[in-house]
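My entries follow in the order of the look-ups.

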Amino acid sequence: MNTEENDLDLYELLGVNYNSTKEEIDKAYRRKAIKFHPDKNRDNVEAATKFFHQISAAYKTLTDPQKKLEYDKIHKAKIESKKRFEKLDAKRKALKEELEER
Amino acid sequence: MDIEVNTVGIDLGTTYSCVGVWKNDRIEIISNEQGNRTTPSYVSFTDTEILVGEVAKNQVATNPYNTVFDVHRLIGRNFYDSDFQNDMKYWPFRVIENNGKPYVRARYKGEKKDFSPEEITSLILLKMKDIAEDFLGTSVRDVVITVPTYFNRFQRKAIEDAGLIAGLHVLQTINSPSAAAIAYGLDRRIVGLRNVLVFDLGGGTCSVSLLAIEEGILEEIAVAGNIHLGGEDFDNRLMNHFVQEFKSKFNRDLTSNIRALCRLREQCERAKRILSASSQAFIEIDSLFENIDFRTSITRTRFEELNQDLFQSIIEPIDRVLRDSDIYKSNVDEIVLIGGSTRIPKIQRMISEFFNGKELSRSINSDEAAAYGAAVRAFHLTGNFSEKIQDLCLIEVSSLSLGIETLNGDMLPFIKRNTSMPTKKLKIISTDFNNQSSISIQVYEGNNTRSIENNFLGEFELTGIRPAPKGVPQIAVTFDIDLNGKLKVSAVDKTTGRMNEITIIGGLLKGEIERMITETEKYREDREEVMQKAQARNALESYTYDLRNVIQYIENLKNELENVAQDSITWLDENQESGKEEYEFKLNSLEEIANPILKKLYGNYSDFFNGT
């Protein structure tokens, strides 16, 4: 997987979450696959192909228990760091506002 | 609205082909010149011309060495393949090797000539094109052609090349069961998500697709097949049976006489068809061999027994699609049968039993469904609009695994069979030896674990790898199949950034295709010449016979006149002394009879020469 794909949130991509069942992931994938399959988007095959690759890869990862476990680790870490950033951001904002109020 | 229709769908079969077109917001399956909606995939070479279709099939017994059929079993094949060598035993026509590929050697216009399977196929496609053009009154260019699911890339490419040779632009080759599924889905306006299994058993191949169908969207979940199982094999079993019977009855070996075998084959095919409806079929062939008349019969039970192992093998691909797709038998909503051989009651029974007695869908025309679906697809792909196919979308899978060969000859799969296309897969590989400076990537296609048993697609080399212990260099190999099924394999050395890649094309070289196009045009001219000659001869012949008819007509009129004149002379002889009134009356009556005849005699005879 290249870096670009590493940055993608596979759950967000398919519109599912940690607790989604295999059936729910199947269904969500199908819905996306149908909508974005290049055969359905013949006027924009290149972009559709790229997106289709992404959702196919996401589906494969999330429906393979071993791969899902590995991905979840990375994903959780990413979410955590994101949250930290947000918190930091919020603090900074508050600080900034405080400063401006003065 | 009047649209110029020039896209058709062709179901190209081992034994029969069928063509359909979208016209007036519906599909028309087009009849050939004999009025039949399917046309035999037969090509016959004669001293004057090339015959295709019904006329060619009729030549089998009289011109056995130059009448070619089963070309689906030649196209894209390796001559030295053991299966192929076995097939060859059943063909009366001669097959030779040319660069490892099988070619047909036939006598055409008094000369020996070698034809590639692509050329023979192109002649069949041309015939189907002619049938469509005769019906439409316009020229046909774009086409979707069906193929068996287990055709490999080279076989599919060979079909495309055959299309090119025939002057057609092949928009897509699609799996025949999936084409039938398009027809099935369109006809029924399926509500909700349905798992549909389409089983296609034709003259030479068996194809199975499991599709998820929802509204107009068809997603292949898994496909499987056997490119060597069909009606022809059942015919062969029957033939062997009767050859044995002939041997024990008359102590003679038929197999030495190709013509006798061809006549027997015809009757076997007929008997097989009869046995789908009756429990017994009779065979009667006058002076089959050394003036011996062969009269015999066969029961359905015996036929089933002769083919038991072949019939049994139809379950394997069905079982495989279910296993590959993780779908239980009970979750298959519909089972659709297409292809002529699915008329065999035993096969229907076996499939139904496999699905625990589930009823099979019979509402679809098993001979025409694939051509119907291909025509819909062709219409759709050329950007035409109809409300009925607005939502049509076909998601296909790659039917065979794709991978590279490892050091010990195993196949390392990159893209597993039944992966939705387009797809892209990357794997990191490394060197097998210390300080290895280059690595050879050999690309294979097939479901066997040993690469040698699979289809070799091509190879390339990645050089300039920096010296390192084995297993250390990181080479990123990517397999990429685009929407149209085109495969690109690339390798990148992560250390140096050096890369190399190959696009798998296969098929005939451009020059070869051009040569074949020229030759096909020549055959057309030959055919045209023969037809014009026949037409000219017919014109002369019919004028001559018309002339004869006119002479006869004149002759008849003259005779009539002769008779009335003779009558009048006789009367004059007998009535020497009659009155004036009597003579005048006689003259009047004579004129009344003779004048119309005379008028006819000196009239014009254009009515006789109708059409010339």
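I began with a salt bridge, taken as a side-chain nitrogen of Lys or Arg within 4 Å of a carboxyl oxygen of Asp or Glu, and found that the side chains of Asp39(A) and Arg377(B) form one, at 2.9 Å from N to O. Between chain B and chain A the count is three salt bridges.

I note that this is a predicted model, in which local features need pLDDT of at least 70 and side-chain atom pairs count only at pLDDT 80 or more, while totals for chains, interfaces and linings use all residues. Residues are numbered from 1 along each chain as its sequence is written, chains are lettered from A and ligands numbered from 1 in the order in which they are written, and side-chain values use heavy atoms, leaving out hydrogens and water.

I then looked up the contacts (heavy atoms within 4.5 Å): 22 residues of chain B touch 15 residues of chain A. The buried area, meaning the accessible area (1.4 Å probe) lost by both parts on being put together and summed over both, is about 1,500 Å², with 58% from carbon and sulfur atoms.

Turning to the sheet, I use strands as DSSP runs of E with at least two residues, numbered from the N terminus, and call two strands paired if DSSP finds at least two bridges between them. Four strands of chain B make an open sheet in the order 22-21-25-26, with antiparallel pairing. Its edge strands are strand 22 (411-415) and strand 26 (455-462) of chain B, each pairing on one side only.

Conventions:
Buried area is the accessible area (1.4 Å probe) that two parts lose on being put together, summed over both.
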